Structure formats: C-alpha cells, structure tokens
Amino acid sequence: MSAIGTILAEEVDVLEWMLRNRMTKRILGSVVSSALMLATTGFSQMDAKASGVVTDVVEVDGARIEYFSQGRGEAIVMLSGRGLNVGYLEPLAAELAKAGYRAIRINRRGAGKSTGQLTDITYHTHAKDVSGVVLALGLKRVDILGQALGGRIARTFAADYPSVTRSVILVPGAGLIEAAPDEAKAMKAMFNPEATQAEIMTGMSYMVGDPEDRERVWKIVQPSSITDPATLKSESTTTAPLADWWAPQGPMPYLVIQGLKDRSAPPENSRKLKQELGARATLVELPDAGHLAPVEYPNEVSAAIVTFLKRQEARP
C-alpha cells in the first residue's frame, strides 16, 4: 500500500472508532466508505490525472479501441506508423499538450490494448474505429495526425468524415512512391520478433537520417514495437484503393512534414502530394530527418505543427 493509502487506512480506523461511539454516525459513515474505496483502488484515477494522461477503451462495432488523452484545447488525434503502437508518440503528444492542445493517441486494432477483427478489413475500417473514439469523446471536429501508415489512415478518415476533420497532418506524406526493394526488405525484417540486433540496426540505418543516431532512436521506438504475428501480417496487407485516400477532396488544409533523408517514404511522395493539393497543403522539409522524424527531431516537428495550427486558427 502507498504512503497515502496507509494514512487513509489509519484515518479509517479512527473514524470507525468514532462510529462505534455513536458520533455523527450518518455523516461519518459516508466518509468512511469513501476513504475505504480510495485506499483499496490504489488511487488509480488520481495517478492518471497526476501523470497528465488519461487512457480508456472504446467499443466500436465489436472492436475495442484504446486511446490516450492529454492536455486541453482543440483535439489532435494521433496515429502511429506500421508495426508500432502509439507509445513512441508520447513525447510529441506532451509537447502539443504544453502548447495548448488536447493530444489523443489512438491504437489500431492489435496494438496496445486495442482488439478486433484483423482480416478482411481496410483503411476505412481503421478510420471508422477512429471515428468511434472521436464520437465517444464528444468531439465535434479534430485535427488528425498520422505518421507513415497512420498518415494513410488519417487521409482515409478525412475522406470518410470530412465534416469532422479540421485539418490533416502527415509525417511524412507516404504511399505513392515506395522504398527501394532492398531497403524495404531490411526495414521489414527489423520488426520481426525474431530479428537479431544486427538485423534491427541494419533496418534502423534506413529509418533515420543519421545512421549514428539509430541506436538512440531504437531505444525510444523499441518499447512500442508490435510483436503479435497476426497483427503484423494485418498491418502489412491491409490497404484500400489509392484513390480513396491519397489526396482526398475537401476544404481541410494539410500540413506535410517530410524528412529529406527518409528512405522508407522518399521525399517525392510529399512533393507530389503538395503538387496535387495545391494551396491546401503546407510542406515543411527537414533536411537531416529520416522516416522517424517525430523521434529524431521532436522539437522541430512540434514547432511545425503548432505554427501550422496557429495559422489556421488566425484565419477568419
């Protein structure tokens, strides 16, 4: 039991003695019940509030979708890249919360505590899961941020739920031009639960802008790695027609953050997307960043996002 729990238990003993002596039985009885409940629950709710992160699970058409929420203000939904849960995005979420936003990280099916059918689904399925969380939280409009695979789902969400989408943030704008075959193979191997350290480091050398940074970045990302084979297979095979999500029509503005040393999602993707979206898109290129820009350069990514959102808020 925690120190606070011990103090409460001692106070409960005193209160129970007072009750036996018939002192204000009705009022003190209520206090005793509340104190006992707090002591036995271990202050889980108070601990969650103290950490600044609230987590829960929402049921959406038979799936159970986990989310993490922190901060107050306009909501920014955050979706992770392939093979990862949203844990590695927490530092970025914390920065956005400090800047006055509510950052809501949502785990896809099979990631974290999220569960649901993993076969015969598409990006539209994941977008619907996100919509279910947004609805459950009572949010009318959201900015939606996606990293890598999360960016494809973010764009699908914008296409399927345009009235709920305030803006789309992509880090990076992947999906049209793929990595070279050898590089793609090496990066895929690093997420194999049986991968050796050498295989992981080889894959990471393609994921970061500076290969010397791969061990540091891997230490941050590794705890978020998905190891369930069924989930990994689903993430590598789930898709939707390119026309459904590549550059959705609608008024919502886009921010595209692209690492110029990204070998997994080459810069040509983001530049092509900017060309197609025209004035709706703002393209920010980070010269030294690779595929994991939110981990490699969290301050620069956060600053780009906040600048973009403030500019949107200032418009009539």
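In the predicted model, helix α4 is followed by G100, a residue whose phi is positive, near 105 degrees. Helix α4 itself spans residues 90–98, and its buried residues are L92, A93, L96 and A97. These residues lie on the same side of α4, because they cover an arc of only 140 degrees around the axis. An α-helix has 3.6 residues a turn, so residues three or four places apart point the same way.

The strands β2 to β5 belong to an open sheet of eight strands, with the order β1-β2-β4-β3-β5-β6-β7-β8 and mixed pairing. At the edges stand β1 (53–60) and β8 (281–286); each has a single partner strand, so one side of each is left without a neighbour in the sheet. From one strand to the next, the twist averages 20 degrees. Within the sheet, β6 (residues 165–171) and β7 (residues 254–259) run parallel and are joined by three bridges. The residue V168 has Y254 of β7 as its bridge partner.

Two further helices lie across strands of this sheet. Helix α6 (residues 149–160) lies across β3, β5, β6 and β7, and runs at about 150 degrees to β5. Helix α12 (residues 268–277) lies across β6, β7 and β8, and its direction makes an angle of about 160 degrees with β8.

Helix α6 is also included in what covers the buried residues of α10. In α10 (residues 229–237), the buried residues are T231, L232, S234 and E235. Their arc around the axis is only 160 degrees, which puts them on the same side of α10. The exposed residues P229, K233 and T237 are carried by the face of α10 turned away from its buried side.

Packing between helices was examined for α8 and α9. Two packed helices are described by the angle between their axes and the distance between the axes. For α8 (residues 197–207) and α9 (residues 214–221), the angle is about 105 degrees and the axes are 10 Å apart. Helix α8 is therefore roughly perpendicular to α9. On the α8 side, the contact is made by I200, M201, T202, M204 and S205, and on the α9 side by R214, E215, V217 and W218. Of the residues in this contact, five are nonpolar, two polar and two charged.

Note on methods. Residues are numbered from 1 along each chain as its sequence is written. This is a predicted model: local features need pLDDT of at least 70, side-chain atom pairs count only at pLDDT 80 or more; totals for chains, interfaces and linings use all residues. Side-chain values use heavy atoms; hydrogens and water are left out. Buried means under 20% relative accessible area, exposed over 50%, partly exposed in between (1.4 Å probe, protein chains only). Helices (H or I, at least four residues) and strands (E, at least two) are DSSP runs, numbered from the N terminus. The arc is that of the directions from the helix axis to the C-beta atoms. Two strands pair if DSSP finds at least two bridges between them. Axes are lines fitted to C-alpha atoms, for helices over the stretch in contact, and angles run from 0 to 180 degrees between N-to-C directions. Contact means heavy atoms within 4.5 Å. Angles under 35 degrees count as roughly parallel, over 145 as roughly antiparallel, 65 to 115 as roughly perpendicular and the rest as oblique. Ala, Val, Leu, Ile, Met, Phe, Trp, Tyr, Cys and Pro count as nonpolar, Asp, Glu, Lys and Arg as charged, and the others, Gly among them, as polar.
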